[in-house]
Amino acid sequence: MKLSLLCKVAVAALMFSASAAKADVVFGALYPFSGQLALLGEESARGLEIAVDEINAAGGVQGQKVVLMRGDAVDNNQAIGEARRLISLGKVSAIFGSYSSARSIAASQVAELSGIPYFELGAVADEVTGRGLKFLYRTNPTAEDMAKLIVEMIVNKVAAKLGKKPEELKIGIIYEDSSYGTSVANHEKKYAADAKLNVVSMQGYPAATVDMSSLVLDLKQRGVDVVLQTSYSNDSVLFLQQANEAGFKPGAIIGGGGGYSMQPTADAVGHAVMEGVLDVDFTQFLVNTKFTPKLEEFVAAYKKKYNENPRSGHSLNNYAGAKAILEALNKAKGFSPDVITKAVNAIDVPQGVTSVGYGIKFGKNNQNERASMMGMQWQGGKLVTVYPDAAAIAPMKVGGK
Amino acid sequence: MDTFLQVVANGLLLGALFAIVSVGLTLIFGIVKVVNFAHGEFLMVGMYLTYLLTNRLGIHPFATVIAVVPLLFLLGALTQRFLIQPLMSARDDHIQIFATVGLSTALINLALLIFGADIANTSASGLRMPLQLGPVRVLTGQLAILAASVLLVVGLQRFLNQTQTGRAIRAVAQNRAAAQLMGINVNRIYILTFGIGAACVGVAAALIAPLYPTSPNIGTYFVLTAFVVVVLGGLGSIGGAFLGSLVIGLIDSLSGFYLSSDLREVAVFGVFLVILILKPSGLFSGGRLNLSHVSP
């Protein structure tokens, strides 16, 4: 008697879970939600959540409601553990993430071994797609794209505004010496050499430095016209302040994302000192929306859901990447890894139609070959887009022109 | 030549910055014999207090010492009374080190919880003004740090040498058991000393906050160098820590300019290792670990 009751319960439970599985498709959302990187990890995840909300409101993917299962990648070890949990216990069909390059590299390895597709929407390091993984795809632009655009900006715009030929400019490259700063700086050096720019100084420093006066003095002595810095918040603030106080005023300063894109950095440095500083990073919000259609709708959806303005372009880039992938999956039949990879390999979104501006088509190593960054400038205490022209909302102001 | 003078001036000012952070650490180390790994986080707490008082209440950063120093004294005294003291009788001294490491991690995460990972910028109130002194350009705030670090070192020396409490503190440092037999309440002296050490870093916090962006991890930026300074200065010697700071500041600045900024840490720690091998008791210490060299 008891046994048959147990059987009935078991069968009922099985049927319930089967019907639940039929109604929902589960994807992992693996980001640093707590710890040091929580702020931008959470901000990135919000973009994915908005993409999922929109797709669910439009009837889901292949008629199934998308459910996100969160994994908290506090550090690299936990990223691995959480990837395992999402795959084995959560039975996710794919994982989206991850903001931090190091976490992404660790977790995607687990997904690769399990044959589960991993969609990277926000990490920039070369190694993410550089390892030739079969199931890892990246939608966002990379450290290399950043360096490429910085050099392009110098050649196409900055040099002329400073009244010099590109090869006459003295370029100084400074960077925090972890993998982020080093990889961007090395790409800058390579692209600068290709463009025949004259790099007169290239110096790394530990991000946890408390003094950059020697470095500033060195750049000043060499008469550097354009400084390229790849940095986090503290070292961006330190460099800009100490350069200003030492009376070092180069023709242009171009930051590579990180601290340079953050409002608190500008507030800390002081808007007078920050005025005119250039920055290359993911698409941000003060941009010509003709080039980034539906960006305003994204901001409205964000405000409605989270009751505040987006804190950085991280959410936007995660949103755009996730949206393109979910839409592609909607056209497929089933969620087996092979079906998913086939569907995303067929994605072909041109430039200028997504909310971030860049198009999506996966090329070598499953990197989005149409991904690109944008050039911004601090004007009047705000980070406005100034490059490329199609995306700009204000002219670039360098050397008083 | 002008450039050389500027590099030297930068080095000395950087040294003064290390000195003002290290003085409290060396005091605690010399007397309570505890390596306080939470020292950098005490600095961070002080900087956030300065930030709040300056930006929210409009108080000049220097005036915040009136509140920051007593609060840091309290934090230090409580740490000694409730964290270190119960562990003083533990069989292994290292357990106290682990306790301060734990405290440091807890304070960083508490700051992350309250203030987030973003930087907080204390209003500078004219402390970032460059001054041209002959060929050398310095900031008013940096000069203030130099002056304050000298005052703090001299003041502490005089306190330890010329007051009754100071003598009691030195007695405890020299021989704990004998001091106890002479009727000194050793535990109270430890609490007082830890409090004073933390109060010193409170002075540092109020002066540093206007010049450096505050973040939960800011303490770790300063504290590694502070440990080097303390060891180099001769483990517990206050005057030694001051001179050691200037040496480190100069090496840092000179190597950063004349070699490469990548090599600054290599130079600092290379010189540090060489000095330790040649003079294991520290650069400015005459003998073994004690405080006798505090007296002039």
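The following legends describe close-up views of a predicted model.

**View 1. Helix α4 of chain A and its surroundings.**
Helix α4 of chain A covers residues 101-114, which makes 14 residues. From its first C-alpha to its last it reaches 20 Å, close to the 20 Å expected at 1.5 Å a residue. The N-terminal end is capped by Ser100(A), a side-chain oxygen of which lies 3.4 Å from the backbone nitrogen of Ala102(A). Just after the helix, Gly115(A) adopts a positive phi of about 70°. Buried residues of α4(A) include Ser101(A), Arg103(A), Ser104(A), Ala106(A) and Ala107(A). Also buried in α4(A) are Ser108(A), Val110(A), Ala111(A) and Glu112(A). The packing partners of these buried residues in chain A are the strands β1 (24-31), β4 (118-120) and β5 (136-138), together with the helices α3 (76-88) and α5 (126-130).

**View 2. The salt bridge between Glu43(A) and Arg311(A).**
The closest N and O atoms of Glu43(A) and Arg311(A) are 2.8 Å apart. With a relative accessible area of 0%, Glu43(A) is buried. Arg311(A), in contrast, counts as partly exposed at 35% relative accessibility. A network of salt bridges also links Glu42(A), Glu49(A) and Arg70(A). Over all chains, the count of salt bridges comes to 14.

**View 3. A salt bridge between Arg128(B) and Glu245(A).**
Side chains of opposite charge can pair when their charged atoms come close. For Arg128(B) and Glu245(A), the closest N and O atoms are 2.5 Å apart. Arg128(B) lies in the loop between α4 (94-115) and β1 (130-133) of chain B and Glu245(A) in helix α9 (residues 233-245) of chain A, so the pair joins two chains. Both partners are buried: Arg128(B) has a relative accessible area of 18%, and Glu245(A) has one of 9%.

**View 4. The salt bridge between Asp348(A) and Arg370(A).**
The side chains of Asp348(A) and Arg370(A) meet at 2.6 Å, N to O. Asp348(A) and Arg370(A) are both placed in the loop between α14 (337-345) and β11 (374-379) of chain A, 22 residues apart. Asp348(A) is partly exposed, with a relative accessible area of 49%. Arg370(A) is likewise partly exposed, its relative accessible area being 25%.

**View 5. Ser215(B) and its contacts with both chains.**
Ser215(B) is located in the loop between α8 (186-208) and α9 of chain B. The residue is buried, with a relative accessible area of 5%. Its side chain is joined to that of Asn234(A) by a polar contact of 3.4 Å. Not counting residues up to four places away in sequence, Ser215(B) touches Met44(B), Tyr48(B) and Ile119(B) as well as Asn234(A).

**View 6. Helix α9 of chain B.**
Helix α9 of chain B comprises residues 218-233, 16 residues in total. The helix reaches 23 Å from its first C-alpha to its last, close to the 22 Å expected at 1.5 Å a residue. Of the 16 residues of α9(B), 13 are buried, so the helix is largely enclosed by the rest of the structure. Just after α9(B), Gly234(B) takes a positive phi of about 110°.

Leu43(B) forms part of helix α2 (residues 39-57) of chain B. This leucine counts as buried because its relative accessibility is 0%, with buried meaning under 20%. Leaving aside neighbours within four places in sequence, Leu43(B) is in contact with Val21(B), Val201(B), Ala204(B), Ala205(B), Ile208(B) and Phe222(B). Leu43(B) and Ile218(B) are 175 residues apart in sequence, yet their C-alpha atoms are 8.2 Å apart in space.

**View 7. A nonpolar surface patch on chain B.**
Met1(B), Phe4(B), Leu5(B) and Tyr258(B) make a nonpolar surface patch of about 430 Å². Tyr258(B) is in helix α10 (residues 238-258) of chain B. With a relative accessible area of 45%, Tyr258(B) is partly exposed.

Methods: Residues are numbered from 1 along each chain as its sequence is written. Chains are lettered from A and ligands numbered from 1 in the order in which they are written. This is a predicted model: local features need pLDDT of at least 70, side-chain atom pairs count only at pLDDT 80 or more; totals for chains, interfaces and linings use all residues. Side-chain values use heavy atoms; hydrogens and water are left out. Patches are made of residues with over 30% relative accessible area and no salt bridge: like charges are joined within 9 Å, nonpolar side chains (Val, Leu, Ile, Met, Phe, Trp, Tyr) within 5 Å. Accessible areas come from the Shrake-Rupley method with a 1.4 Å probe; for residues, only the protein chains shown count as cover. A salt bridge is a side-chain nitrogen of Lys or Arg within 4 Å of a carboxyl oxygen of Asp or Glu. Helices (H or I, at least four residues) and strands (E, at least two) are DSSP runs, numbered from the N terminus. Buried means under 20% relative accessible area, exposed over 50%, partly exposed in between (1.4 Å probe, protein chains only). The expected span of a helix is 1.5 Å times one less than its number of residues. Contact means heavy atoms within 4.5 Å. A polar contact is a pair of N or O atoms within 3.5 Å; within protein, one must be able to donate a hydrogen and the other to accept it, and residues adjacent in sequence count only if both atoms are side-chain atoms.
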